[in-house]
Amino acid sequence: MPSIDLNCDMGEGYGAWAMGDDRAMLDIVTSANIACGFHAGDPTIMADTARLAGEKGVRIGAHPGFEDRSGFGRRVIRGITATEVERLVAYQVGALQACAALSGQRVTHVKPHGALYNMAAVEPDLAGAIVRAVKAVDPALLFVVPPLSAMDRAGQDAGLRVAREAFADRTYEDDGTLTPRTVAGSVIHDPGLAAARVVRMVLDGAVESRHGTRLPIVADTICVHGDTATAVAMAAAVRRALEQAGVAVKAVV
């Protein structure tokens, strides 16, 4: 039976402000990527989300991004050095490890967030910096990356275990990169459409770009973002469609 991991970015509130229904999402997904305090999140949210994920048997991952709360980590930061990226990633992964440890939980993977993810996908220097940080903090951590990206290559070259990720709720360009969020229609909100796309990704090994080009894709994990109005309904529809198609939904690690 084919299998796939279903992951979600979460813990992305701050203080009294909450984003997404993490509790409901943790009943659906198998891996949780928890914000580490730079683009969103704080020690209380990090610790509570890690505890709840652990109680539900969901794998816990660090979701480090640029220090940019007002831009939610989705703004491109130019001029940042590889050394700075290495340190900001190590800092955030370590912070989540500490917060998870408060409830006896363990961080199992790392997935960069937002603009950091997109930039490191195509910039080898940034990809290498993230890989060095992950390997220094814990070389056993699984590294979640876009397929055939600079991060994919850097992770493999460094001997990290790599999980390749596809997106249920994002469209793709003809070169296989994600459509920028500034482009209308780049985020999919229809649960049924997203579910059908994911089944094709997993069973056919391909996804259609927004221009209609068939793109080969190999995925170990599928992401459903937790910050949209239809996030929980979409995650539920994706999981249901996968299971009905004979695909087991389970964590990579």
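Modeller: Let me begin with a definition: on a 1 Å grid over the protein atoms alone, a pocket is an open set of points with protein on both sides within 12 Å along at least five of seven lines, a cavity is a set where a 1.4 Å probe fits but cannot get out, and lining residues have an atom within 4 Å of a point. This is a predicted model, in which local features need pLDDT of at least 70 and side-chain atom pairs count only at pLDDT 80 or more, while totals for chains, interfaces and linings use all residues. Residues are numbered from 1 along each chain as its sequence is written, and side-chain values use heavy atoms, with hydrogens and water left out.

Colleague: What makes up the lining of the second largest pocket, and which residues lie nearest its centre?

Modeller: There are 18 lining residues, and G11, D22, I45, D48 and T49 are the ones nearest the centre. The largest share, six residues, comes from α2, a helix spanning 43–55, where a helix is a DSSP run of H or I with at least four residues and a strand a run of E with at least two, numbered from the N terminus.

Colleague: How do you know the volume of the largest pocket?

Modeller: Grid points are joined across faces, edges and corners, and a volume is the space filled by probe spheres set on the points; for the largest pocket this comes to about 940 Å³. Its lining has 40 residues, with Y117, N118, A121, T177 and L178 nearest the centre, and α4 gives the most, seven residues.

Colleague: Which residues line the largest cavity?

Modeller: The lining includes D5, N7, S31, N33, H109 and K111, and the volume of this cavity is about 70 Å³. β1, β2 and β5 each give two or more residues to that lining.

Colleague: Why are α5 and α6 called oblique to each other?

Modeller: Axes are lines fitted to C-alpha atoms, for helices over the stretch in contact, and angles run from 0 to 180 degrees between N-to-C directions. Under 35 degrees counts as roughly parallel, over 145 as roughly antiparallel, 65 to 115 as roughly perpendicular, and the rest as oblique. The axes of α5 and α6 come within 9 Å and cross at roughly 45°, and α5 and α6 are therefore oblique.

Colleague: Which residues make the contact?

Modeller: With contact meaning heavy atoms within 4.5 Å, P124, A127, G128, I130 and V131 of α5 meet A150, M151, A154 and G155 of α6.
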